[in-house]
Amino acid sequence: MESFSRRFAVVMGMTVLLYWNSGGCSGLVCRGILWVEPTPVFSMGSSVSVVCTSSIENCHPEKFSVYLNNNPQPSLHHLNHSAVELQLHITIPHSAIRCHVKCKGQRGQQMVCGKDIKGGYPPDNPTNFTCISKWNSNTISCTWKKGKATYINTSYIVEFQSSERIQTFSPQREGYVLIPLSHFELAAEYNVSVRARNHLGQSQSAIIQLTINDVVIPDTPTITNITFVNGSHKEAVLQWNKSVQLCAEVRYRAAVNVWTMVEEKETSCENSTFELRGLKPFTQYEFQIRSCKTNEKLKCSGWSPSFLERTPEAEPCRRVDVWRIMGPTHSNGSRTVTILWKPLAPKYSRGIILGYEVFYREYGKQRHSHLCQPNKTQCQITLPKHTKMLYITALNSKGSSEAAQLSIGQKEFAPPIITKLVSADSSRILLAWKAPSQTKGSVLWYIAEWHRHDGSMRWKKVTCLQNSTYIEAKVSGSRYHISLYAIYSNGESKPATAEAYSKELEPRAGPKVSVVETQKKRALIKWEDIPVHLQRGFIKTYTIYLKKGTDETYFRNVSVALRQYWLESLEPAALYTVYMTAWNSAGKGAKGEEIILKLAEGYDFTILMVIVVVVTSSIAIPLIVMFCNSIRHRIKRIFILWVPEWVFEEFPRVENSSVVKLLQEKYRTDSDSLWLSLLSDPPVTEVEETIFFSEEVAALPSLLVDDTYAEGIEWQCAGKPEAEGTPSEHHGYQPQVSNQGEDQLFNSVETFQPELLNTSSPADCGIFTMLLNGTFDISSRSLLPSGDINVTFGGKSQIIDLTGFRGKRERVEFNERHDFPTEDSDQGQTLLPDALVDCLRHSTQEPVAVNSYFPQLVVRPVTEGDC
């Protein structure tokens, strides 16, 4: 077994070796014919015809298969039972074709033959054909460019033809041939060209005429040093190794820019140095030089190897672009400011920046400066209270730039007007604007700044000639807050602000929902705004999802302006699941947090609240009316116009009379046994309340007693005729006196307290009085013939019936000396018994004049035994 394996490995190795050494499939042993027309080498992109014929012994072909680069080809055309044809369109340089056949009665396929085919191009005409020979060299080198690749074997021949003979030379490598000078005569003239040939065609370069002396050129020089005069970039001296009297050509370039040739008049043919001018400061240059023979063909050598050198620095030639972030103001008026700047480009910095100097003037005089580090783009300083302007310069080894001004106090200038703010692509936002409508001067430039939600801020300066710019916004789904300022020579404008996204993404979260109120068949929910960094776009609408148990989920779209919503037509005591999603221009966002919603079990709290309010009001309003006197009086004055007067008639309570209480107290303290009999309840007599007001005071002066004269009044009376001549001294009583005006006796209460009078007569008089309250406005009154009083209340007439006093009454007679009503008068205001009237008439002391006074009187019958 081991020997068999070794033999198999040797056979396979030899087969592979034979295949590759013979050029692929063409080296295989064929058992038939594989024919390619027109040839196995053809022009790229042309069509070829492949014919396969099998000559395998004892094989009746059942099926042919043709493979192109191991890929089976369809559409085989059978020419006969042992031959097939295939049309191919070849577009690759090299391909391999194999033909296989399956014989009847055999299980596998057998190879008929294989062949390599090649596609290519005919050669282009060679170009840039040149031949040169350097000094101190014994060879001539010729070079050319062959053009595009042919993909097939192509041969090149260099031909020198003189008048005597033709010499050809084969190149040692592609595009180059080296020929010894011994093959040529120095004075002979040659026509030189290069020819190319392959299976598909041939070509030839342009013919050049030359002699051996023409192709000899100077040796290539080498730059040895470059010196800058006085350390300045403005003038440089270049040196090289010059061996013979030759002229030189110099060229230079910065970085990968095109070469700049030094003008021919500036080249040096005598010295080994010359000066260069027009170089830029602090710039890396590449220098080259070559030597040339004057006034001869092919006069120059090749260019020297590059010499690299950086020019010296110069002071910065441009102001720094600066901006600021205003910080807090301190108690002493000072303010913290963060200064921002853009690093200068090398062509403007013209050297290595050593730092940025920030200075200001206090009260316009004293100068203060602060040096900020060069490797940073911001610096924080604290400015005094009255600082209005900052100055910033960039420093290098040669000097400082012109100072850039920065206004600290923002002026009330009109802001620019933003006209467009759209996403330009996934990493930029287009910002367009127009100048402010009202300006305080010409705009110097604009400042655009933009913030992300994480607090990072960027900014850029835009010239006044522009009205649009692109904002770098590389973070998709992040909201940028953009501010645009117009900068003037004396300050800056208010910012024009807007928000935008470079690219919106679906919201990363949904609104957080909570339940505010639940009722029988509906519920009020509210939600909070999604955090800005999770919105990832401008929210356009919300969707509320509602699901009861395992039923289908229902959704309702609501406006983005809402923050709460009533869910209607819900089932009482049912359990619901509620959540929300948000939409923006990118689509629907993530699902919000779910909450469980359960309604009340059939109770309508709104109706319950209405019932509570109605019941409370029905109890509270009567209580307020009962305990608030002013409200009762207002209601009484309104109702008195529409209801009978007796509804509001008030009856006095005799047991609460202060007069009665005083009399009882007098009876208890008096030693006379006569008063002891009075401790028992006196007989009760029906009385009627007569109410008087200020309009009647003038007509009843006898009832009005001033406080100052009350004590001088004495009532004297005699009970029998024989006692008339004996005056009895009586003690007076002092009533309460009303000092109100005639038009202000509203809701007043007038009282008086009578006192018992001690007399020397065998019979004494007793007077019982009681206070009557009155609050009606009496516009007029008159005594009717029947003895009743006709009183008008607020425009309505009311008759007071006095029949209760008939039979035992007399009209009151007052002292005529005071022009009061007499005994015969029908205008008496208070009706008293006859005996009491006699007592008053026999009084020996005249009553004094009194002020307006209106007591309420309680009258009882007086008999003869009382006097």
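Two strands count as paired if DSSP finds at least two bridges between them. Strands (E, at least two residues) and helices (H or I, at least four) are DSSP runs, numbered from the N terminus.

## Basis of the model

This is a predicted model, in which local features need pLDDT of at least 70 and side-chain atom pairs count only at pLDDT 80 or more, while totals for chains, interfaces and linings use all residues. Residues are numbered from 1 along each chain as its sequence is written, and side-chain values use heavy atoms, with hydrogens and water left out.

Strand E35 covers residues 428–434, and five of its seven residues are buried, so the strand is largely enclosed by the rest of the structure. Buried means under 20% relative accessible area, exposed means over 50%, and partly exposed lies in between (1.4 Å probe, protein chains only).

E35 pairs with strand E38 (residues 468–472) in the antiparallel sense over five bridges. Within that pairing, Ala432 has Ser468 of E38 as its bridge partner. Strand E34 (residues 417–425) also runs antiparallel to E35, and seven bridges join the two. Here Ile417 has Lys434 of E35 as its bridge partner. E34 and E35 form a hairpin, with two residues between them.

## A three-stranded open sheet

Three strands form an open sheet in the order E26-E27-E30, with antiparallel pairing. From one strand to the next, the twist averages 25°; axes are lines fitted to C-alpha atoms, for helices over the stretch in contact, and angles run from 0 to 180 degrees between N-to-C directions.

Strand E27 (residues 335–341) is joined to E30 by six bridges in the antiparallel sense. Leu340 stands opposite Gln378 in E30.

## The largest nonpolar core

A nonpolar core is a set of buried Ala, Val, Leu, Ile, Met, Phe, Trp, Tyr and Cys residues joined through side-chain atoms within 4.5 Å. The largest one has 27 residues, and those with the most contacts inside it are Trp323, Ile339, Trp341 and Leu390. Strands that each supply at least two residues of this core include E26, E28 (355–362), E31 (389–396) and E39 (480–488). E27 gives the largest share, four residues. In soluble globular proteins, nonpolar side chains tend to be buried together.

## A nonpolar surface patch

Ile607, Ile611, Val615, Ile619, Leu623, Met626 and Phe627 form a nonpolar patch on the surface, and together they have about 730 Å² of accessible area. Accessible areas come from the Shrake-Rupley method with a 1.4 Å probe, and for residues only the protein chains shown count as cover. Like charges are joined within 9 Å, and nonpolar side chains (Val, Leu, Ile, Met, Phe, Trp, Tyr) within 5 Å.

Leu623 belongs to helix H5 (residues 605–627). Leu623 is partly exposed, at a relative accessible area of 40%.

## Backbone details in loops

The peptide bond from Glu37 to Pro38 is cis, with omega near 5°. Pro38 lies in the loop between strand E1 (32–37) and strand E2 (41–43).

Asn58 is not a glycine, yet has a positive phi of about 55°. Asn58 sits in the loop between strand E3 (47–54) and strand E4 (61–68) and is exposed, with a relative accessible area of 74%. Arg536, also not a glycine, has a positive phi of about 55°. Arg536 is in the loop between helix H4 (532–535) and strand E44 (541–548) and counts as buried at 15% relative accessibility.

Technical notes:
Patches are made of residues with over 30% relative accessible area and no salt bridge: like charges are joined within 9 Å, nonpolar side chains (Val, Leu, Ile, Met, Phe, Trp, Tyr) within 5 Å. A salt bridge is a side-chain nitrogen of Lys or Arg within 4 Å of a carboxyl oxygen of Asp or Glu.
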